[in-house]
Every structure is written in structure tokens, then in C-alpha cells.
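These are my notes on the structure you asked me to look over. They are set out as numbered points.

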Amino acid sequence: MTLLSSPARPFSALALIAAWLLVASSASAQTELSPPQPVDGLAQVVEGDRMIVNGQPVRLYGIDAPELGQQCRSARGVPFDCGEAARAVLERMIGSNPVRCSIFSVSSAGDQIGLCQVDGADLGTRMIADGWAFPQRRLSNRYEAMEARAQSARVGLWAGFAERPWLWRRRQGG
């Protein structure tokens, strides 16, 4: 009996096909690096999910922070540039400390994508846990529980109203 016809695994074939499609579609958008490449050094924060580390553009894996110029509302309904706020939060998290990144892919735009740490603390985890970024569920589910806790505690962007960045970009025509 084949994997496709096995009654004990009715969804295994679908899961296998879905995984293959996900890998195939992401391969067109980014190039995988194996083994992961280290990028270490001082960082200049560009956005809440992007920085320049040792002269190289790096995007934090699995998160999406608001875009610069994206308007959100505070708990009191006051509009503010939440992209700039997220950028400032990431900048404060890093301070003058060196950043250590493990790069495992490169986007079609040339950004290196990876997990980055300062003093052993994962920056993507902190941005999600503090409520200043959203998980990219199509890439990973690693941050979903943290996002739920941040939302429940009404921290960061969850204290008011923030449109998810990919929806905001779509409305902006990009």
C-alpha cells in the first residue's frame, strides 16, 4: 500500500503535498543557505524588523513589524506612527550591544533573513512578546503563543489598534 492510499494516514499525502508547495513557493522568494551563516556586529536599526548588521541588511525571521509611516491608534485613540515606534523599540533593545545573527536565507530583495540575538535574547521573540511586531504565520508558528499573551496583556501595539502590516501594505498598493 502506498502513502497516498494508506487508510492509517489519510492526511499524510495532503500534508506532504502542502509542505512541498510551501517550500517550492518560498524558494522563488528566497534562497536557502545551508548551513546557516553567521553575521555579527553592531547594528543600525532601519525598521522594527530590519537592520544593518556589520554593513549587511538583515530581516528578522518570522516577524512583521509595522511600516514606517503606518498609522496606529493608542489606547486613548490618538494616532501615532507605529512603524517608527516599533523601530525605536528595536533600537532600544539593541542599544550599543553587538548583534549575533544566524542567517539561513536571502530574500529576492537581497535582505538576509535570520534569527538575531543580543546578549542571548532573541530579538524577534522580544518584539512579538512586547507587542511591537506580528508573527508571519505563513513562515513559522514559533511566535503564536507569545502573540496571544501580548494581546491578552494589551502591551505594545495591542494596547490600542494596529492594522497588520501586510494588510496595510496591500491597502497602500504595495
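Which residues are buried in α4? I start there and then move to the rest of the chain. Please keep in mind throughout that this is a predicted model.

1. Helix α4. Met146, Glu147 and Ala150 are the buried residues in this helix. They line one face of α4, because they fall within an arc of 100° when the helix is viewed down its axis. An α-helix has 3.6 residues a turn, so residues three or four places apart point the same way. Arg149 and Ser152 are exposed on the other side of α4.

2. Neighbours and end of α4. What do the buried residues of α4 pack against? Their packing partners are α3 and β11. After α4 comes arginine 154, which has a positive phi, near 55°.

3. A charged residue on the buried side. Glutamate 147, listed above among the buried residues of α4, has a relative accessible area of 3%. Its side chain meets that of arginine 137 in a salt bridge, at 2.3 Å from N to O. Arginine 137 sits in the loop between β11 (134-135) and α4, while glutamate 147 is in helix α4 itself, and the two are 10 residues apart. Arginine 137 is partly exposed, at 41% relative accessibility.

4. The salt bridge between aspartate 49 and arginine 59. The closest N and O atoms of this pair are 3.5 Å apart. Aspartate 49 lies in the loop between β2 (43-47) and β3, and arginine 59 lies in strand β4, 10 residues apart. Is aspartate 49 buried or exposed? With 1% relative accessibility, aspartate 49 is buried. Arginine 59 is partly exposed, at 24%.

5. The salt-bridge network and the total. Shared partners connect Glu47, Asp49, Arg50, Arg59 and Asp111 into one network of salt bridges. Over the whole structure, the search gives 13 salt bridges.

6. Aspartate 40 and arginine 100 meet through their side chains, with an N to O distance of 3.3 Å. Aspartate 40 belongs to strand β1 (residues 30-41) and arginine 100 to strand β8, so the bridge links distant parts of the chain, 60 residues apart. Aspartate 40 is partly exposed, at 28% relative accessible area, whereas arginine 100 is exposed, at 54%.

7. The β8 and β9 hairpin. Arginine 100 also has a place in strand pairing, standing opposite glutamine 117 in β9. β8 and β9 pair in the antiparallel sense, over 6 bridges. The hairpin they form has 4 residues between the strands, and glycine 110 in the turn has a positive phi of about 95°.

8. In soluble globular proteins, nonpolar side chains tend to be buried together. Here the largest nonpolar core has 33 residues, and Met51, Val99, Leu123 and Met127 touch the most other members. Two or more residues each come from β3 (50-53), β4 (56-60), α2 (82-94), β8 (99-107), β9 (112-118), α3 (123-129) and α4 (144-153). The most is given by α2, with 7 residues.

9. Methionine 127. Which residues does methionine 127 touch, leaving aside those up to four places away in sequence? They are Gly48, Ile63, Ala86, Val89, Leu90, Met93, Trp132 and Ala133.

10. The segment after α5. Glutamine 172 is placed in the segment that follows α5 (165-171). Glutamine 172 is partly exposed, with 47% relative accessible area.

11. The chain as a whole. The secondary structure amounts to 5 helices and 11 strands. Of the 174 residues in the protein chain, 39% are buried. Among contacts with a separation of 6 or more, 57% are between residues 24 or more positions apart. The chain exposes about 9800 Å², and carbon and sulfur atoms supply 56% of that area.

Notes
Residues are numbered from 1 along each chain as its sequence is written. This is a predicted model: local features need pLDDT of at least 70, side-chain atom pairs count only at pLDDT 80 or more; totals for chains, interfaces and linings use all residues. Side-chain values use heavy atoms; hydrogens and water are left out. A nonpolar core is a set of buried Ala, Val, Leu, Ile, Met, Phe, Trp, Tyr and Cys residues joined through side-chain atoms within 4.5 Å. Buried means under 20% relative accessible area, exposed over 50%, partly exposed in between (1.4 Å probe, protein chains only). Contact means heavy atoms within 4.5 Å. Accessible areas come from the Shrake-Rupley method with a 1.4 Å probe; for residues, only the protein chains shown count as cover. A salt bridge is a side-chain nitrogen of Lys or Arg within 4 Å of a carboxyl oxygen of Asp or Glu. The arc is that of the directions from the helix axis to the C-beta atoms. Two strands pair if DSSP finds at least two bridges between them.
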